[in-house]
Amino acid sequence: TVRARRTALPLRARFLLARALVQLATLASAAALLLGCEAGGATALSVEIVDETGGNPVVGIDRGILTLRIAQSGSTDLLESVAVAGGSFDASVPIASYGAITTIEVTIVDDESPTPLVGATVPFQPFGYARVRIVVGAPGTCVPLSNPHLPVAVDSPALVLHGVNLLLFGGLSTGDTHRSEVHVLSPIELTLPTRTLVPPALATPMGRAHAVSLGAPPNTSVLVVSDTSTIVFDAGDVMGARDTPITTLPSGADENAVLVALGDLGAAVVGGDHIAFVGPDGAETHRRMLGFHRTRPAAVRLGDGILVAGGAAAGSMLFEWHPVAFAARMDAPELFGDAFAPRVGASLAVSPTSEAAVLVFGRSPVDDALVPGSVVVTGCPTRCVAIAGPDVPELASGAIAVPRASLAAGTFRRPATTLIVGGDTDEGGLVIPSGVALSVRWEGATPVFELEDGLVTPRSGHAALALGASIVLVAGGTGPTRVLDDLELCF
């Protein structure tokens, strides 16, 4: 077991697979968990536990506990807790499998602080990379990453996590220039200098765009809709990937539509006059007519259907619910919510049990004013009902809602929540970028709103997605003074 003196550098640990041990200890040279085999075996993989700058997160912790959970396919989760003392720690954990790693979760609890540090990886194959980094931070905070940066400052890009790759499509760079490049970033190398792959350029440059995976790997298809084209991108071999145009989707399948992931069923494109269902192979399977023409609606999976909200003119129903099943393609939608004001650019959050949803934020299509209050939806599909919900502590439009799993670290507990981040707001008669980070948790079918610390750099036109079970990655957008190329993690 290696022991080290207190250092301002990251943590280092060693993982030895197959009848060996995982050794964890702070070292002066680098922060690493080394995944490899016994002497003479495969090259080790460095897995590093760091803060947002790449530094040692336990510096300054005189007494605490570090807990490590390793989930691997085909193996029982490994869980180990060790003492942190004087800014260092030692541990040994047996590992007996070469299986793909579903996640490595780290929690660090300081005896003198009620707030832990948490971090996790996305799934990855342990021997496909030279190093992996786990960035840890305090729950309820957002931190800017020292590295990487996006290859270009960009507003309204599409960002999707497919397998172990972050794929960046389109967006508007300075001067509203459309982009034909697709950039591939690694979510397991955060805080390291930018290293991106650039597959062959798209046939048609894209501006404002959205993207969604059409199923988990081994499915390799990613659906991208933009202001210029709708394509299916083959992410199986990113350096040989090609984009295939989809010409059958209805009018409205563009940058003003919203995409809803449907797992093994593919995805739905909601906007204009239709919901278009796209299967895992990238072909449209069927479509449903919306009750009202909708531009920039919000939409989520709710139960066995899709809840659509807002995006329509005054005098329309605020909500409609549509079944997903192909067999129900001719069934009439549930239209409801006429008692509430219409909204454009609103956000939806769904309860963990999928029994309720809440609509927040957005602007009026009549006078462009921010719409206060929330609306709660229950009872779908038997009888969808919309009722006035709790007041919202801050107002915005164009914010992105990202579900987060429950979190437990030491005595700290946070139930499953949705984090709604960024967008734009009003101040002094001007529309400005928002730094809001609104957490939505549930008590039965009642939402509870809590403001978290918020983005370090307010932004609109950004991308955001889940990175690890309870972590949200925010990328790009337009800040108070410029278009942005940075990344923030919200814990």
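# Close-up views of the predicted model

**Figure 1. Arg 296 lies in the loop that joins β21 (284–294) to β22 (298–302).** Strands (E, at least two residues) and helices (H or I, at least four) are DSSP runs, numbered from the N terminus. The model is predicted: local features need pLDDT of at least 70 and side-chain atom pairs count only at pLDDT 80 or more, whereas totals for chains, interfaces and linings use all residues. Residues are numbered from 1 along each chain as its sequence is written, and side-chain values use heavy atoms, with hydrogens and water left out. Although Arg 296 is not a glycine, its phi is positive, at about 55 degrees. With 37% relative accessibility, Arg 296 counts as partly exposed; buried denotes under 20% relative accessible area, exposed over 50%, and partly exposed the range in between (1.4 Å probe, protein chains only).

**Figure 2. Thr 191 has a positive phi in the loop between β14 (182–185) and β15.** The phi value of Thr 191 is near 80 degrees. Most residues other than glycine have a negative phi, and most peptide bonds are trans. Thr 191 counts as buried because its relative accessibility is 6%.

Figure 3. Pro 218 belongs to the loop between β15 (209–213) and β16 (221–226).

**Figure 4. Gly 266 is a buried residue in the loop between β19 (258–261) and β20 (267–278).** Gly 266 counts as buried because its relative accessible area is 0%. Apart from neighbours within four places in sequence, Gly 266 is in contact (heavy atoms within 4.5 Å) with Ser 213, Leu 214, Ala 261, Val 278, Gly 279 and Pro 280. The C-alpha atoms of Gly 266 and Leu 223 are 9.1 Å apart in space, while these residues are 43 apart in sequence.

**Figure 5. The largest nonpolar core has 45 residues.** A nonpolar core is a set of buried Ala, Val, Leu, Ile, Met, Phe, Trp, Tyr and Cys residues joined through side-chain atoms within 4.5 Å. The residues with the most contacts inside the largest core are Leu 66, Ile 104, Val 106, Leu 159, Leu 473 and Leu 489. Strand β8 gives the most to this core, with four residues. Another core, of 18 residues, lies apart from it and includes Ala 298, Leu 318, Leu 348 and Cys 384. In soluble globular proteins, nonpolar side chains tend to be buried together. Leaving out residues up to four places away in sequence, Val 106 touches Ile 49, Leu 66, Thr 67, Leu 68, Leu 117, Val 118, Gly 119, Ile 134 and Val 136.

**Figure 6. The second largest pocket has a volume of about 250 Å³.** Of the 18 residues in its lining, the closest to the pocket centre are Glu 105, Val 106, Thr 107, Leu 407 and Ala 408. Two or more lining residues come from each of β5 (63–72), β8 (101–110), β9 (117–120) and β31 (407–409). On a 1 Å grid over the protein atoms alone, a pocket is an open set of points with protein on both sides within 12 Å along at least five of seven lines, a cavity is a set where a 1.4 Å probe fits but cannot get out, and lining residues have an atom within 4 Å of a point. Grid points are joined across faces, edges and corners, and a volume is the space filled by probe spheres set on the points. The lining of the second largest pocket divides into ten nonpolar, six polar and two charged residues. Here Ala, Val, Leu, Ile, Met, Phe, Trp, Tyr, Cys and Pro count as nonpolar, Asp, Glu, Lys and Arg as charged, and the others, Gly among them, as polar.

**Figure 7. The structure holds two cavities of 30 Å³ or more.** The largest cavity contains about 70 Å³ of space. Its lining consists of Ala 120, Thr 121, Val 122, Arg 133, Val 135, Pro 187, Leu 190, Leu 467, Ile 471 and Leu 489, of which eight are nonpolar, one is polar and one is charged. The second largest cavity has a volume of about 40 Å³. Among the residues that line the second largest cavity are Pro 250, Ser 251, Gly 252, Val 269 and His 274; by class, this lining has six nonpolar, four polar and no charged residues.
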